[in-house]
Amino acid sequence: MKNLIFIFFVGLFPAQQSWNLQQCLDYAAANHPLVKQAMVNIKKNDHQIAASKGMLLPSVEAGVDHSYSFGSSINQSSNQREVLNTQYDQLKAQANIELFNWRNYLNISLSKLNKETSSYKLKRAQNEVKLNVIQTFFVYQNSKSWLDVLETQISGMEEQIKRTEKEVEIGSRSKSDIYDIKANLGTLQEQWVSAKNQRDLAKINLLNALAIPQDSIDFVTNTTHEEALAEDDFDQPDFTKKLLENNPAYQTVLAEIKAQEKTVDLAASAYLPTLNGSYSWSTFYNKSLNNNAATISFSDQFSQNKNQSVSFGLNIPIFNKFQVKNNVEVAKLNVINSTYDKELIVNNLTQSINSIKAQYINAQEKYTLLEANFENQKLSFLKSEEKYKEGLMDAYTFFIVRNNWLQANYNLINSKNNVIQQTELLKVLKTGL
């Protein structure tokens with residue numbers, strides 16, 4: 001319900017908004033075209049189940065025929081051939097039913113299995129969309145953080161140039177300091193242009209992952225440090241196995257194997273006999289168009305000419321040009337193919353899970369090291385700033401120290417984002433079904 005309200009307000013207010021990662025995931029899981037296609041397929045399966053059940057019901061049809069005959073024909077009253085011009089009207093109804101056809105019951109079971117498969121495919125599509133959104137979200141956040149670092153560096157250097165120019169005027173600094181700073185400023189400005197382009201491309205990719213055509217959203221992070229560093233028991237021997245078995249991609253291929261096995265039974269059902277029944281009712285009215293011919297009234301003919309019939313038929317297949325045999329063998333080969341699909345899914349998921357697990361652990365270790373390095377770089381910068389103000393450090397050296405601190409700041413942010421990213425990826429994998 002919360003997601004529906006959120007999406008409703010998105011439609012009402014297309015102006016610039018701020019979305020965090022969870023809002024992005026909620027939107028993509030409900031609105032991405034891949035997810036909507038999977039939802040449509042589930043609805044199609046519902047109709048297929050209804051259609052399969054409908055095959056157990058009789059089919060009924062009724063009809064009316066109206067015709068004229070000229071020349072030699074059978075007189076319906078005398079049952080003799082005469083030269084007649086007649087009008088013939090017939091009213092008929094017929095009902096047919098398959099009293100026994102094992103294929104109909106197998107179709108119902110297969111339709112239900114197909115719906116189960118489609119349900120897993122829906123969750124699989126949602127997971128794939130979420131994983132893609134998480135990755136593109138943090139690529140954008142990192143590119144935006146790098147741009148912020150460059151803007152901070154450029155802003156600081158512009159202020160440093162103004163301050164150094166004043167110091168040059170009073171003779172406390174040499175003019176070469178200004179040249180050194182401006183030279184490095186040009187390099188940073190060039191990097192800023194490239195970083196801005198990377199940020200813009202990263203946002204385009206993120207909007208594409210969300211299937212949003214208009215750039216009307218600002219994406220922000222609001223996950224705290226404590227939330228990002230939640231511990232996971234990776235040492236459990238069945239950690240990967242649990243995530244694997246709970247993954248919708250794995251559940252999808254298992255459901256597909258069941259459906260393929262049911263298809264084998266469906267193909268083999270053509271070997272079995274079928275029992276059919278039918279009922280028909282009809283009556284007719286025949287009128288001679290000759291002027292001197294007497295005609296029994298419509299109501300009398302309608303009552304006198306009524307006919308009913310009931311029939312049963314047993315069809316036993318004997319030889320079908322080996323079509324059923326080949327269909328069964330093909331269905332069995334499809335089952336074998338599905339088992340190979342299962343092996344591929346297991347291999348790919350195992351690789352993905354272990355990769356995320358390794359990156360998660362490494363990201364945590366790296367974050368701890370960078371956190372300590374950041375504090376050291378910060379202290380170094382503060383001391384160097386004091387030396388620079390006192391004239392004990394030249395502008396270029398101070399620029400290097402300052403940039404090292406800003407770079408350490410970006411590295412820390414980037415590492416934290418990496419920890420959060422791997423955490424969110426694991427959440428998606430652990431949520432499963």
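Predicted model: local features only at pLDDT ≥ 70, side-chain atom pairs only at ≥ 80, totals over all residues.
Reader: What is the volume of the largest pocket?
Author: A pocket is an open set of points on a 1 Å grid over the protein atoms alone, where a 1.4 Å probe fits, with protein on both sides within 12 Å along at least five of seven lines; lining residues have an atom within 4 Å of a point. The volume is the space filled by probe spheres set on the points, which are joined across faces, edges and corners. For the largest pocket this is about 390 Å³.

Reader: Which helix gives the most to the lining of the largest pocket?
Author: Helices are DSSP runs of H or I with at least four residues, strands are runs of E with at least two, and both are numbered from the N terminus. Helices H4 (102-170), H8 (248-268), H10 (323-389) and H11 (395-431) each give two or more residues to the lining. The most, 7 residues, come from H10.

Reader: Are H8 and H10 roughly parallel or roughly antiparallel to each other?
Author: Their axes, lines fitted to C-alpha atoms over the stretch in contact, lie 8 Å apart. H8 and H10 pack at an angle of about 170 degrees, and an angle over 145 degrees counts as roughly antiparallel. H8 and H10 are therefore roughly antiparallel.

Reader: Which are the edge strands of the open sheet of 4 strands?
Author: The order is S2-S3-S5-S6, with antiparallel pairing, where a pair needs at least two DSSP bridges. S5 (residues 274-288) and S6 are joined by 9 bridges. Pairing on one side only marks the edge strands, S2 (59-74) and S6 (307-315).

Reader: Does Thr 274 count as buried or exposed?
Author: Thr 274 is in strand S5, and its C-alpha atom is separated by 5.2 Å from that of Asn 315, 41 residues apart along the chain. Its relative accessibility is 17%, and under 20% (1.4 Å probe, protein chains only) is the range for this class, with exposed set at over 50% and partly exposed in between. Thr 274 therefore counts as buried.

Definitions and conventions: Residues numbered from 1 in each chain as written. Heavy atoms only, no water. Axes fitted to C-alpha atoms, helices over the stretch in contact; angles between N-to-C directions. Parallel < 35°, antiparallel > 145°, perpendicular 65-115°, else oblique.
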